[in-house]
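Visitor: I would like to learn how to read a structure like this one, feature by feature. Could you show me the general idea each time, and then the case at hand?

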Amino acid sequence: MSPRRGRTEEFTSYYGRPILKEPTWQALDIAGYIFAGGLAGASSILAAGAQHTDRPGLERSAKLTALAAISASVVALVHDLGRPERFVNMLRVAKPTSPMSVGSWILSAYGPLAGATAAANVLGIFPRAGKAAGIGAGITGSAVATYTAVLLADTAVPTWHDAHERLPFVFASSAAASAGGLAAALAPIAQGQPARRMAIGGAAAEIALSVAVERSGNLSAETLHEGRAGVLLRLSKAFTVGGAVGLALGGRSSRGVSTLSGLAVAAGSALLRFGFFEAGRASTRDPKYVVVPQRERLAARQEAAVGADTMG
Amino acid sequence: MSTTQLGMPTIGVPRKGFFTDTSLCIGCKACEVACKEWNQIPADTSLKLTGESFDNTSSLGADTWRHVAFIEQKVPATDPSAHDGVKWLMSSDVCKHCTHAACLDVCPTGALFRTEHGTVVVQQDVCNGCGYCVSACPYGVIDQRKEDGRVFKCTMCYDRLGAGEEPACAKACPTKSIQYGELDELRERADARLEELHERGEEGAQLYGRDPEDGVGGDGAFFLLLDEPETYGLPPDPIVTTRDLPAMWKRAAGAAASLLAGAALVFWGARK
Ligand code: SF4
Ligand code: SF4
């Protein structure tokens with residue numbers, strides 16, 4: 001990517017110290033939360049499809065996956081707050097300018113629906129209400145799977161903010177890949193075609209979109225290739241591609257292939273979130289990701305102003 | 001979103017601010033000390049020496065609400081037989097109390113709020129330590145106190161302002177490098193000072209955070225610098241992240257819809 005070259009040569013800073021503060025979030029909690037939320041949301045969508053196309057095995061496994069994943073994600077979220085006893089303060093206000101506030105409300109709508117539909121399914125009670133809750137969980141699940149992209153992008157963290165246009169689509173496709181993958185691993189093969197398709201389609205979109213972010217030409221995209229983030233994202237691609245190919249070739253005929261490949265796609269999706277998380281962290285540690293693009297922006301503005309002057 | 005200048009009072013007390021004129025700073029750190037004393041901020045007992053001139057605090061943080069930067073620049077001697085000279089740049093940094101404050105926009109609990117003076121303050125009993133504001137601040141000001149979990153930053157001495165006093169740092173500053181007052185008045189004063197310095201041939205002199213049209217709508221605490229902002233560890237052209245939030249929500253809605261549509265597609269004609 002030639003436009004990047006030579007952009008950082010003349011750049012001053014204060015003893016090379018970072019300008020931004022590094023996110024206080026722990027990778028396991030927040031990247032884990034984002035992965036689990038995506039898995040839960042997309043699993044609920046899959047479950048809603050299964051319940052209306054008479055695939056009881058797929059329906060049950062997807063509903064239980066959703067419930068387990070959303071429970072894990074809430075535990076991670078509460079754990080990440082320095083003062084978990086204050087989690088309730090999150091529901092003190094509803095603030096559209098805060099994706100975390102919006103997310104808390106999305107979660108408090110989604111969580112009970114996902115729980116109710118799973119409980120109704122397992123206990124065999126209230127079938128009608130259980131299905132209605134299943135639809136609700138599917139719809140709110142689509143928000144759970146995507147709002148986390150806004151959560152990250154609505155920060156001053158260069159890698160995250162610079163990717164704000166594409167990140168919701170990266171996360172949505174990655175959520176689909178993980179839910180499809182896990183369902184392909186857990187549900188009966190005979191009912192699993194939609195799950196395998198979701199895993200393969202999600203994986204393809206995940207790869208295409210994340211590569212588009214990596215090649216965006218933004219200086220901060222460098223962090224997606226380097227260091228720990230680079231390793232995580234390369235691993236992610238290997239798992240995702242390997243799993244998707246496995247599902248396409250042997251997902252229908254072999255239980256073992258379906259399980260392993262499905263798990264690989266889900267692992268690729270998890271690695272993707274951890275990779276993006278780490279890349280963002282790295283972009284706050286080096287002041288060049290703040291100074292160089294902002295300088296370029298200023299220069300472009302000045303040039304435009306001079307241009308406008310000479311025109312007049 | 002942030003263009004509503006969240007919580008900015010439109011009537012009542014005029015907006016208060018800081019004008020930090022770094023051309024007057026002598027690097028005495030009286031502001032740092034006065035701030036710590038008045039606000040009872042825990043000491044940093046690590047006693048690390050950074051080797052970065054006289055700066056051992058390094059940056060603003062949860063326990064440093066005023067931070068004095070020291071920059072030593074070589075001035076080449078005009079006479080080839082003489083040694084090069086050294087030029088000192090000193091600057092007391094602080095929370096900018098942004099007009100469009102990202103920290104305040106993203107805070108999910110309402111712990112961060114806009115005071116009647118137009119400043120931005122954390123309500124410590126409401127903060128739940130989520131750390132969102134830390135990643136949102138384009139200046140890297142606000143930070144978490146690790147052992148406590150909550151975040152802390154400059155309050156512009158909210159308690160003193162209420163009592164009609166000026167903030168502790170401004171009071172302690174012996175050279176009037178830190179000036180406190182009504183923002184409109186400070187801006188006029190700063191413009192005049194800039195002109196004066198330019199006339200004296202200080203070409204690098206520039207105002208930072210003065211312009212209400214900039215990416216954060218102007219800072220409630222702005223500066224007169226003698227070099228480029230990044231030299232002092234300041235971002236050259238910060239933009240409040242929430243400016244793009246409406247666009248981000250639209251993209252997320254699009255992504256959610258695609259996810260639902262894609263899921264419908266995978267069931268289309270699927271074998272059982
Ligand atoms: S400088 Fe940072 S902490 Fe201070 S008001 Fe602006 S966004 Fe908030
Ligand atoms: S850490 Fe405290 S002040 Fe900062 S966004 Fe979270 S609740 Fe608000």
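Guide: Gladly. Let us start with residue classes: Ala, Val, Leu, Ile, Met, Phe, Trp, Tyr, Cys and Pro count as nonpolar, Asp, Glu, Lys and Arg as charged, and the others, Gly among them, as polar. Please keep in mind that this is a predicted model.

Visitor: How many residues of the shell around ligand 2 are nonpolar, polar or charged?

Guide: The shell around ligand 2 has 9 nonpolar residues, 4 polar ones and no charged ones.

Visitor: And which residues come nearest to ligand 2?

Guide: Out of 13 residues around the ligand, those that come nearest are Cys107(B), Cys127(B), Cys130(B), Gly131(B) and Cys133(B). With the classes above, Cys counts as nonpolar and Gly as polar.

Visitor: Now salt bridges. How many does the structure hold over all chains?

Guide: The total over all chains is 21. In general, one looks for a side-chain nitrogen of Lys or Arg within 4 Å of a carboxyl oxygen of Asp or Glu. Take Glu278(A) and Arg281(A), whose closest N and O atoms are 3.8 Å apart, which makes them a salt bridge.

Visitor: Where do Glu278(A) and Arg281(A) sit in chain A?

Guide: Both belong to helix H9 (residues 255-285), and they are 3 residues apart, so about one helical turn separates them. Glu278(A) is buried at 6% relative accessible area, and Arg281(A) is buried at 14%. The two also take part in a network of salt bridges that links them with Glu22(A), Arg228(A) and Arg285(A).

Visitor: What does a salt bridge between chains look like here?

Guide: Glu230(B) pairs with Arg295(A), with closest N and O atoms 2.6 Å apart. This pair runs from the loop between strand E10 (221-225) and helix H7 (245-267) of chain B to helix H10 (residues 288-311) of chain A. Glu230(B) is buried at 5% relative accessibility, while Arg295(A) is partly exposed at 26%.

Visitor: Are Lys96(B) and Asp93(B) buried or exposed?

Guide: Lys96(B) is buried at 1% relative accessibility, and Asp93(B) is buried at 12%. Their side chains form a salt bridge, 2.9 Å from N to O.

Definitions and conventions:
Residues are numbered from 1 along each chain as its sequence is written. Chains are lettered from A and ligands numbered from 1 in the order in which they are written. This is a predicted model: local features need pLDDT of at least 70, side-chain atom pairs count only at pLDDT 80 or more; totals for chains, interfaces and linings use all residues. Side-chain values use heavy atoms; hydrogens and water are left out. A residue is near a molecule or strand if one of its heavy atoms lies within 4 Å of it. Helices (H or I, at least four residues) and strands (E, at least two) are DSSP runs, numbered from the N terminus. Buried means under 20% relative accessible area, exposed over 50%, partly exposed in between (1.4 Å probe, protein chains only).
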